[in-house]
Structures are given as C-alpha cells and as structure tokens.
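The following paragraphs lead the reader through a structure, beginning with a single side chain and then turning to the wider fold. Please keep the sequence and the model at hand while reading.

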Amino acid sequence: MVLQHFSKVNTPKVVNIRVNAGMIPSDHWIQDPEVGGGRMIGEGCHFVDLASALVASNPTKVMAMGTRKGNGSALLNDNLTIILSFADGSIANITYTADGSKAQEKEFVEMFGGGLSASINDFKDVTLFSGDFDKKVKKLPAQNKGQKEMLDAWIEGLKTGKPAISIDTILLNSLATIQTIESLTLGAALDVNLAILK
C-alpha cells in the first residue's frame, strides 16, 4: 500500500521508524552477547531491512547513538537511535527503545517524499496523505507484518530462480546492522561498503 502510494516518486525519501520494543530481563538469552547477540542484531535488523525496502535502495552510511546504562556492552544497548543514508539519497531514522510504556503501540512508521506522506500504525492501519487535504485511512483486518508475503516471494524465487531480494541488499543491510554496534562503540558514522568483507 505504502510502496504503491510512493511508486511515482523518483526523489529521495525520508523514513522514520519508532520501535517501542519493551523491556527484556538481563538474564534472557537474547541479552547474552555470545548467545543472542543483543536486540539490535536479533531484532533491530528487521527495521534496517524495512527502511531499505521502503526507499528501495541500499544503505551507504550508518550512525548510531544510545543511552548510557552502566558499563554494558554496546551489543546489549536496547535504547538507541540509528541514522541511515541510502544510495539514492534517502535517509532513515530508527528509534529503538526498551524503556517505553506497554500502553503505547509497539511500531510506528512514517515516510515522506515527493509531496506525499504515509504512516503505518503497529501494522494494523495505514494512513496515506497527498496534496494539501487528501487523507485516506485504511484499517487492516488483522495485524500484517508481511511474513506471508515474504514467504510467498521466497518460494516464488525458488521456483523461478529470481531472488525476491538481491544478495547485495541482504549483505548491505546485514552489514549496516552490525556496523550499528560498531558505530555505538566508536561514536562515529561508518560507511556501509561490502569491500570491507574482502
């Protein structure tokens, strides 16, 4: 729905993603750096993928900042903001927090570009904006995060030999996710470039 709304926009886009993830106890397996790798690696990666899919471009730079809680590993920081830039000039901001209220929705996504806007509220409803006054709200019959569509696209790729997502996109999004932790550690923006894997 959102991708169709922006299908004729050829200029860079701005994406804002807020994840009110909720607290997970420190003794949970995902909070073990060697077992779960922390929440950014385990869950935050999906929002890097989402931002990349929304702008239909690969990440080129990542910068992350997180709150300071004791002397824990950057891997375990689950209160952070990530800024991504993309090859087409688009940018995305991802705010991931464990410290919010459970009364608030978990995920909120906004996108802007070419005089259009859209918002996705907890993957239950979508609002599409255009012009000065046009606003259309579409409520979904049930929460839909796209898992079925993802599996359908993957199966179709197996049948046809044409992947649903290019290997470069998969690698660059994965690298950007890992570099989020490095950026937190170094306090610097990092280029997302597959050449560092060689």
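Does Lys-124 count as buried, partly exposed or exposed? The model is a predicted one, and in it Lys-124 has a relative accessibility of 43%. Because buried means under 20% relative accessible area and exposed means over 50%, Lys-124 counts as partly exposed. Lys-124 forms a salt bridge with Asp-122, and the closest N and O atoms of this pair are 3.9 Å apart. Asp-122, by contrast, has a relative accessibility of 9% and therefore counts as buried.

Six bridges join β7 to strand β8 (residues 134-139) in an antiparallel arrangement, with Ser-130 opposite Asp-134 in β8. Strand β7 (residues 125-130) is largely enclosed by the rest of the structure, because five of its six residues are buried.

Nine strands form an open sheet with mixed pairing, in the order β8-β7-β6-β5-β1-β4-β3-β2-β9. Its edge strands are β8 and β9, each of which pairs on one side only. Further along this order, strand β1 (residues 14-20) pairs with β4 in the parallel sense over seven bridges, and Ile-17 is found opposite Ile-94 in β4. Helix α2 packs on the sheet, where it touches β1, β2, β3 (79-86), β4 and β5, and its direction makes about 35° with that of β3. Helix α4 (residues 167-186) packs on the sheet as well; it touches β2, β3 and β9, and its direction makes about 35° with that of β2.

With β1 it pairs in the antiparallel sense over six bridges, and the bridge partner of Val-15 in β5 is Met-111. With β6 it also runs antiparallel, again over six bridges, and Val-109 stands opposite Ile-120 in β6. The hairpin of β5 and β6 has two residues between the strands, and Gly-114 there takes a positive phi near 60°. In a regular strand the side chains alternate between the two faces of the sheet.

How many salt bridges does a search of the whole structure find? The search finds seven. One of them joins Glu-43 to Lys-106, with the closest N and O atoms 3.2 Å apart. Glu-43 lies in helix α2 (residues 38-55) and Lys-106 in the loop between β4 (91-97) and β5 (107-113), so this pair ties together parts that are 63 residues apart in sequence. Glu-43 is buried, with a relative accessible area of 16%, whereas Lys-106 counts as partly exposed at 29% relative accessibility.

Another salt bridge is formed by Lys-61 and Asp-191, whose closest N and O atoms are 2.7 Å apart. Since Lys-61 lies in strand β2 (residues 59-66) and Asp-191 in strand β9 (residues 190-191), the pair ties together parts that are 130 residues apart in sequence. Lys-61 is partly exposed, with a relative accessible area of 36%. Asp-191 counts as partly exposed too, at 49% relative accessibility.

Leu-151 counts as partly exposed, at 45% relative accessibility.

Technical notes
Residues are numbered from 1 along each chain as its sequence is written. This is a predicted model: local features need pLDDT of at least 70, side-chain atom pairs count only at pLDDT 80 or more; totals for chains, interfaces and linings use all residues. Side-chain values use heavy atoms; hydrogens and water are left out. Buried means under 20% relative accessible area, exposed over 50%, partly exposed in between (1.4 Å probe, protein chains only). Helices (H or I, at least four residues) and strands (E, at least two) are DSSP runs, numbered from the N terminus. Two strands pair if DSSP finds at least two bridges between them. A salt bridge is a side-chain nitrogen of Lys or Arg within 4 Å of a carboxyl oxygen of Asp or Glu. Contact means heavy atoms within 4.5 Å. Axes are lines fitted to C-alpha atoms, for helices over the stretch in contact, and angles run from 0 to 180 degrees between N-to-C directions.
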